[in-house]
Amino acid sequence: MSELPRRRMGHTGMRPRALGMGAAFVSHVEEAETIATIERALDLGIDYFDSYAGRNEERWGRALIGVERSSYYMQAKVGPHHERPKDFSAEATRWSVEQSLRALRVDYLDAVLVHDPADIADPLGPGRAFDELQRMKGEGLVRHLGLGVRQHDFHRAAIEAGHAEIVLTFLDYTLLDQSVAGTTMALAREQGTGLILASVFGMGRLTGVEPDRAAEPRAHAMWEWCRERDVDIKHLAMQFCLDAPVDGIVMSGPADRHQLQDAYDAATREVPAEIWAAFEERFGVGISGSRGAEAE
């Protein structure tokens, strides 16, 4: 694999590159590094960005000045802004989206996700967040709606209500945990919902840093197995997720250019079939190898 293939994002019509970039960590470093990381992502062909309301979105706007708007996808969130946390009222939803539009210096958002509600009935209620986002979609300010949360029953409720064109799920499709495979994955394929698989490195447990043996015995065993064979576990972690049977992409959340490059390298380096065969024999986790680049 020499470059990032394109992937279909459910029935949205979007066709981003297979690896997207999130803002959770890169928004906390020095501004110059944030901007340099975004610029490097563009150089690498990454074209799906996930901003984070209230976390230095202005930096993204500055980094993308002069970049053709149609050449990238920008996704924002409703719910995490520090001034209106977990407020899913119609008024707060519109306020949050307008804040993001202004900060990002764009006229529209390709997607907006309702982020981490405590109760899915809150944003799904009449006149609440999803209804307001549908109105904004009709106004051309938002193109697609979705949900970013870990609870799989929330995924089902939003998809079945007809609101979730995209679901961002995290920490539940990795070398360590594939629980979403038995729940949201099948439903998403059936309903044409795009999936974004995030936290593919298991919140640091699959990055090559030694996990705590007592607290994370399986992660430690994988780390040790890779170390003994001079295998970069990041490559296995990323390739496993890229091979997932979903209509969607993998999302990396780098803190700087170095971590971005690591994620890109992991996404574009081939892992020998014999390594996967041995890894699957030891841990029961492997890839089918059936995924390939989709037509441009």
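**Entry 1: strand 4.** I found that strand 3 (residues 73-78), helix 3 (residues 90-104) and strand 4 make a right-handed β-α-β unit; right-handed means that, with the strands pointing away from the viewer, the path from the first strand over the helix to the second runs clockwise. Helices (H or I, at least four residues) and strands (E, at least two) are DSSP runs, numbered from the N terminus. The model is predicted: local features need pLDDT of at least 70, side-chain atom pairs count only at pLDDT 80 or more, and totals for chains, interfaces and linings use all residues. Residues are numbered from 1 along each chain as its sequence is written, and side-chain values use heavy atoms, with hydrogens and water left out.

I then looked up the partners of strand 4. Strand 3 runs parallel to strand 4 and is joined to it by four bridges, where pairing requires at least two DSSP bridges between two strands. A76 stands opposite V112. Strand 5 (residues 145-148) is also parallel to strand 4, with four bridges, and L147 there stands opposite V114.

Is strand 4 enclosed or open? Five of its five residues (111-115) are buried, so strand 4 is largely enclosed by the rest of the structure; buried means under 20% relative accessible area (1.4 Å probe, protein chains only). A111, L113 and H115 point one way, V112 and V114 the other.

**Entry 2: the largest pocket.** I noted a volume of about 740 Å³, the space filled by probe spheres set on grid points joined across faces, edges and corners. A pocket is an open set of points on a 1 Å grid over the protein atoms alone where a 1.4 Å probe fits, with protein on both sides within 12 Å along at least five of seven lines; lining residues have an atom within 4 Å of a point. The lining has 30 residues, and A24, F25, S199, M203 and G253 lie nearest the centre. Helix 10 gives the largest share, three residues.

**Entry 3: aromatic pairs.** I counted eight pairs, taking rings of Phe, Tyr and Trp (its six-membered ring) with centres within 6.5 Å; planes under 30 degrees apart are stacked, over 60 edge-to-face, the rest tilted. F49 and W60 are edge-to-face, at 5.6 Å and 65 degrees. F49 lies in strand 2 and W60 in helix 2, 11 residues apart. F49 is buried at 0% relative accessible area, and W60 is buried at 1%. Ring pairs link W225, W276, F279 and F283 into a cluster.

Methods
Buried means under 20% relative accessible area, exposed over 50%, partly exposed in between (1.4 Å probe, protein chains only).
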